[in-house]
Amino acid sequence: MSDITMAQLDAIKHQIRQYNHQYYVLDDPTVPDVQYDRLMQQLLAIELAHPKWVTADSPSQRVGDQPLDSFQQVQHAVPMLSLDNAFNGDDLKDFDRRVRERLHKQLERPLEQSISYTCEPKLDGIAVSLTYENGVLITGATRGDGSRGEDITQNIRTLGSVPLTLLGAGWPGTLEVRGEVYMPSAGFNALNASLINQGLKSYVNPRNTAAGSLRQLDSRITAQRPLELCAYSVGLVSEPEALPSQHFNVLLQLQAWGFKINAQMRRVEGIEACLDYYTYLNQKRDSLAYEIDGIVFKVDELALQQHLGFVARAPRWAIAHKFPAQEEMTRVLAVDFQVGRTGAVTPVARLEPVFVGGVTVSNATLHNMDEIQRLDLHLGDSVIIRRAGDVIPKIVRVALQRRVANALPIPQPLSCPVCDGPVERGEGEAALRCASGLSCGAQIIQAIKHFVGRKAMDIDGLGEKQVQALVDAGKISHVADLYALNHAMLEGMERMGTKSVSNLLAALEASKDTSLAKFLYSLGIREVGEATARSLALHYGGLSDIASATLEQLQLVDDVGPIVAGRIVHFFADPHNLEVIAQLQATGVKWPEFDPQLVQENTAKLPLTAKIFVVTGTLSSLTRDDLKAQLQVLGAKVASSVSKKTDYLVAGEKAGSKLSKANSLGVAVLDETQAIAMIQSLAAQQDPP
Ligand code: 5U1
């Protein structure tokens, strides 16, 4: 250690800066984490031995510092402007017309000549300003009121995507870079999952979390938050001639100096192309790895920007075209309790309809009584609804200041809202459950609906209304009764003409030939979804072995943990369930039994054996289930959620959080065409002509 030279120390720092840039800015790490960690440890050891050698721009200085008492104020040398908004295409066209008219008047530029625009996603984060002197980061500040912000230098330094020293060469003596600090969705979800795990309150949305994380007086907390910076403009520049003369090229120059810029950024000609870009990105919005609330369009020529100038606090050369809001306020009109297939009694908020995240929302699940308590929800409350991506709408908080006097709390139901039977809450469970089992009407109907579903016994022609009518008329009381239905019992019922009755009876007959996996799934055992049913079938080959398996034996099956094993044992211990299964088999429901050993030997030879796939989003040439089946035929395992173990994510249109997660974990992503091409080529190798 003692014979280390400053030159060697500089070489280590330089190497770490390169690795950081590749990892945080380019999202393209070139060395394994251990190699990076080793180099960082080396740097820390040298700096420990030579405290005087520690410089502010050392990569070691990103871990945070001693907490501050308060933030200092910073005066912005050039005010940080806000943006005017366009809420529809007409607003955007008006903006373009105003730009062209003004340039026509001032410069006699032809009115009809189109404008070049830079299009950038508007990240949902917080604006910051970073000042570099001779290439070294000196100050980081929030926007504040646009003239004065807060000095958050300590915190900003902890972000891996913020260069502490600029890369390359040729930067101006003073360079102020502006951009958005945001929290990517995967980081936000992971942070919330970990808070929930620790029994702590989770955050409402990535934007507020990013803001809160950046305004921590203790920068060591900021250092632990998955924040990123994306640069989008410059402020004070001591030698403007050091920068290109178009905004788009300025951003490319910032990228060369080490900043992350948005990969979706485009330069287009004319306002129609801006509208096309808006449509393109609005469709892509849910599959991005971060939240955006619109598009910023900027006149690309800096000289034209200069001529256009500002009005009030917004530039005349830029506009934000907003997407539909993902959070809106509405009122809770009532809370109803619904009973599901497994007896779970779930509160559902009935809302004054509100347009949010691109759809009209009038209901939101409240999950359970704990959630009602957590929100402190009362009837008639004004609430903030959030619908981001393809996620189910959620009440994120109550606007307490708007609560009317004497607003009533929401009482926990004392009995089942459908059968009036007792409700109970199992140990360690959040849900209330109706204890009446299949003697509760709701549970019978849901159980039958599940049984006839496409992924279960696949019986066409029985919707919820028909099932309800058959149960109400006393013609069926459990799933096995379906196979005793005949023409006489069905004809004359509402929506049951001669043709539909014949079709239904034919569908019932056809459904009798099934597979063990489908049959198991159709029984509706709690926690046994399609994938688990398939694993059980593959492991055991026959129903009697599953029914007699012990808790310990069941846990040897893929995907089966102690909870699922407990549900299976509990299900087969109930004589009523065994009776229904016996009746089903007596009516002719059957499936081929097989030797699991043989299946395993055969699947071990398949080209996708041991590969884990997840399929998400909307596919255009086939259904997700068909694609899954084709993958499984080639030996692949199809899982329902993305994890480190996933080998491929097949992402169709509007792929949402699974795509973000796959991207953040570095899982290979295939689009529909690539997946089909892969299947076809592997299938062709399987069966040589
Ligand atoms: N992408 C982007 N976001 N954003 C926000 N560009 C951009 N420009 C802004 C703001 C407030 O202001 C300009 C006036 C530089």
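I count a residue as near a molecule if one of its heavy atoms lies within 4 Å of it. The model I am looking at is predicted, so to speak for local features I need pLDDT of at least 70 and for side-chain atom pairs pLDDT 80 or more, while totals for chains, interfaces and linings use all residues. Residues are numbered from 1 along each chain as its sequence is written, and side-chain values use heavy atoms, with hydrogens and water left out.

**Entry 1, the ligand.** I looked up the residues around the ligand and found Leu81, Leu83, Glu120, Pro121, Tyr232, Ser233, Val296, Lys298, Pro315 and Trp317. By class this shell has seven nonpolar, one polar and two charged residues, where Ala, Val, Leu, Ile, Met, Phe, Trp, Tyr, Cys and Pro count as nonpolar, Asp, Glu, Lys and Arg as charged, and the others, Gly among them, as polar. The strands β3 (116–123), β8 (228–237) and β10 (292–299) each supply at least two residues of the shell; strands are DSSP runs of E with at least two residues, helices are runs of H or I with at least four, and both are numbered from the N terminus.

I then looked for polar contacts, meaning pairs of N or O atoms within 3.5 Å. A side-chain N or O atom of Glu120 is 3.0 Å from a nitrogen atom of the ligand, and a polar side-chain atom of Lys298 lies 2.9 Å from a ligand nitrogen atom. For Pro121, a polar backbone atom is 3.3 Å from a nitrogen atom of the ligand.

I turned to helix α3 (residues 89–107) and helix α9 (residues 271–284), whose axes come within 10 Å and cross at roughly 145 degrees; axes are lines fitted to C-alpha atoms over the stretch in contact, and angles run from 0 to 180 degrees between N-to-C directions. Gly89, Leu92, Lys93 and Asp96 of α3 make the contact with Ile271, Glu272, Cys274 and Leu275 of α9, contact meaning heavy atoms within 4.5 Å. I noted that these residues divide into four nonpolar, one polar and three charged.

Technical notes: Polar contact = N/O pair within 3.5 Å; in protein donor to acceptor, adjacent residues only side chain to side chain.
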